[in-house]
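Reader: I would like to go through the labels used for this model and see what each one rests on.

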Amino acid sequence: MKMTSKDYVAYLKIVAKKLEENKDYITELDAATGDGDHWANMNMGFVKLMELSPELETLAIPDLFKKIAMTMMSVIGGSAGVLYGSAYMKAAAVSQGAESIDLDLLAKIVQAQLDGIMSRGKAQPGFKTMVDSLYQAQQRMEEAMKAGKSEKEVLTAMKEGAVAGMEATANMEAMRGRACYQADKGVGHLDPGAVTMCYQLETLADFLLQ
Ligand code: ADP
Ligand code: MG
């Protein structure tokens, strides 16, 4: 695989569409466990990224990631904006000098995004957050790469991990985010941030597998 900035923007466009289509579902999840704004926050970020897309396509990979980080930080309100900002700043740092993204760089980007979110949010896997989907995706991707699996298998493993991590949040008690303050700690509900993280990882895998 070889993903250019133009490809990355094409991928973001599919995420933007997927978010747009899931307004009620994501809003209801955040209404059950938080304050109901997660969809609106994420959607605002992606609408802005789409407005910027002609410019984003022309940027080198590290600059593209920096611009995405700054946009998400300034446009997405709430915790998610800061966390995605950290994720994309870390992604920019590991992409220095890259003209495109190959599988090895993608693995480094996923790892860097995970580190960025975990350190900024002081969150661990199992805390019922967006980290859970990203962590499982990263773990399964790394395992598949270490086992010498094909590119297709590695991307499929990443996608399956993202879904498994997202699904696992349903039974977790929240240790971070607004769901901690609910009497039931959000048990029985998926974490909205894990669901939107999963959308992004799934879409990325599908985009690269097509
Ligand atoms: P807010 O919680 O400020 O209203 P959002 O609703 O946009 O922000 O985002 C909520 C999501 O952010 C949660 O579902 C969770 O996945 C994630 N989240 C919140 N706090 C943290 C944290 N400290 N670490 C990691 N993820 C977090
Ligand atoms: Mg919220």
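Reader: Which element gives the most to the lining of the largest pocket?
Author: In this predicted model, that element is α6, with 4 residues. Other elements that give two or more residues to this lining include α2 (23-33), α3 (38-51) and α10 (192-209).

Reader: What makes a residue part of that lining?
Author: A lining residue has an atom within 4 Å of a point of the pocket. For the largest pocket, 26 residues line it, and S79, A80, G177, R178 and D191 lie nearest its centre. The volume is about 470 Å³. By class, the lining has 9 nonpolar, 10 polar and 7 charged residues.

Reader: Why is D30 called buried?
Author: The relative accessible area of D30 is 8%. Buried means under 20%, so D30 is buried.

Reader: Why does D37 count as partly exposed?
Author: D37 has 24% relative accessibility.

Reader: What makes the approach of D191 to ligand 1 a polar contact?
Author: A polar side-chain atom of D191 lies 2.5 Å from an oxygen atom of ligand 1. The limit for a pair of N or O atoms is 3.5 Å, so the pair is a polar contact. For N41, the distance from a side-chain N or O atom to an oxygen atom of ligand 1 is 2.8 Å, and for D30 it is 3.3 Å.

How values were computed. Residues numbered from 1 in each chain as written. Chains lettered and ligands numbered in written order. Predicted model: local features only at pLDDT ≥ 70, side-chain atom pairs only at ≥ 80, totals over all residues. Heavy atoms only, no water. Buried < 20%, exposed > 50% of the residue type's maximum accessible area, 1.4 Å probe, protein only. 1 Å grid on protein atoms, 1.4 Å probe; cavity = no way out; pocket = protein on both sides within 12 Å on 5 of 7 lines; lining within 4 Å. Points joined across faces, edges and corners; volume = space filled by probe spheres on them. Nonpolar A, V, L, I, M, F, W, Y, C, P; charged D, E, K, R; others polar. Polar contact = N/O pair within 3.5 Å; in protein donor to acceptor, adjacent residues only side chain to side chain.
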